[in-house]
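Subject: Handing over the structure

Hi,

Here is the structure I promised to pass on.

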Amino acid sequence: MSGYNTRTMMNAHNIYIHVPFCLSKCNYCAFFSQACAAPDWETYTRGILAEIDVWSTTLGKISVPTIFFGGGTPSLMPTKYFAQIIERLHEQFDVLPNAEITLESNPGTLDGARLTEFITNGVNRLSIGVQSLNDDELSFMGRRHDVRTALKLLETAQNAGIQVSADFIYGLPGHTSKTVEQLCRDINKLNLTHCSMYELTIEPTTPFGKMNLNMPTNDEMAEMYTTISNTLDLPRYEVSNYAAPGFECTHNQNVWDGDPYIGLGRGAAGRVFMNDTWYEQLGNNEKFEPMSTKSRAVERVITGLRTARGVLLAKDILNVLNKEYINEHPELVITCGDRLVATDRGILVLDDLLVNIIN
Ligand code: SF4
């Protein structure tokens, strides 16, 4: 689904809800989340419900095509609080009957019974942080689970008949394209319809950032990236995301395509569209500022070019593009119908490409 440029969709907003709690912090993690054995779910939920009410007053009964609970570890949430949030969303907004409702989860925090409760309350897509199929790597990354626990959750979710995705991290110290090829062959045996493959990046504020790790070189990382595309059975539809056709994450696809979305909860970013103006927004009422047409168009080029479908060449997008550079570099970027798409080679040098094609 795409098209904030049509009248109906102007009123549609996807919803991202941030759940900023984890049982402990992983060694690579710079996400906004705090290690907390017993989060105050009551207070957290009250805050989210209040935000929903404010947006309902501001935007009216908007339609909601997708809801994404990200984290942190949303699967830690007691289902009674999850149910309250979903119920309020239905009361205040027009949550579409086929809305995609994703829950991010970590192995060890969700068993079959609780998964069933989440599904009863609307979850129809589960994203699982598997991260590795090697127990030593999981422990090195500071993950709390082992491979067996992760595969058990994967199997439970697949048997539950919902859409399932698994996240993996590659590019650890010592990884080569051979390691990554084997990882992809093992992933191919898992019958996944969606997976995310994230390159390990070292953030200075994390434990890994202080460990002086012997990381693979940029060339080695690029080789691993190409190996993934060549080995995984699932086609790539975004820089780090792979899915069987029809199983792409609608929420992320909509956001990357430039559709409006609201962020709820501390640490959640949104892009709200109202009265013909885009607003940069942060959950917990931390920010709500108008954006220029140009800066929003630039964002849409950046996110759109990360996807296989590319960016729609609307008028505001054309205004920020360097057409000369695009015409001179068909090996990096091509026009497909009414969209501009980065080639496989372009994706490998995407940061440089973006610098060159944006005026
Ligand atoms: S579980 Fe996810 S959000 Fe939480 S610390 Fe680990 S990587 Fe970060």
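Leaving out neighbours within four places in sequence, Phe93 is in contact with Ser56, Lys61, Ile62 and Val64 (contact means C-beta atoms, placed from the backbone, within 7 Å). Before I go on: this is a predicted model, where local features need pLDDT of at least 70 and side-chain atom pairs count only at pLDDT 80 or more, while totals for chains, interfaces and linings use all residues. Residues are numbered from 1 along each chain as its sequence is written.

Phe93 sits in the loop between α3 and β5 (94-105). Helices (H or I, at least four residues) and strands (E, at least two) are DSSP runs, numbered from the N terminus. Is Phe93 buried or exposed? It is buried, since 23 other C-beta atoms lie within 10 Å; the cut-offs are 20 or more for buried, 12 or fewer for exposed, and partly exposed in between, with C-beta atoms placed from the backbone. Trp55 is 38 residues from Phe93 in sequence, yet their C-alpha atoms are 9.3 Å apart.

Next, a helix pair. α2 (residues 41-59) and α3 (residues 79-92) pack at about 10°, with axes 10 Å apart; axes are lines fitted to C-alpha atoms over the stretch in contact, and angles run from 0 to 180 degrees between N-to-C directions. That angle makes α2 roughly parallel to α3 (under 35 degrees counts as roughly parallel). On the α2 side the contact includes Trp41, Ile48 and Ile52, and on the α3 side Tyr81, Ile85 and Leu89.

Leu89 turns up again in the largest nonpolar core: of its 68 residues, Ile15, Ile17, Leu89, Ile128 and Phe168 touch the most other members. A core here is a set of buried Ala, Val, Leu, Ile, Met, Phe, Trp, Tyr and Cys residues joined through C-beta atoms within 7 Å. β7 gives the largest share of this core, five residues. There is also a second, separate core of 12 residues, including Val239, Val301, Leu305 and Ile357.

Finally, α7 (residues 177-188). Its buried residues are Ser177, Val180, Leu183, Cys184 and Ile187. What covers the buried residues of α7 includes β7 (163-170), β8 (194-199) and α8 (218-231).

Cheers

Definitions and conventions. Two residues are in contact if their C-beta atoms, placed from the backbone, lie within 7 Å. Angles under 35 degrees count as roughly parallel, over 145 as roughly antiparallel, 65 to 115 as roughly perpendicular and the rest as oblique.
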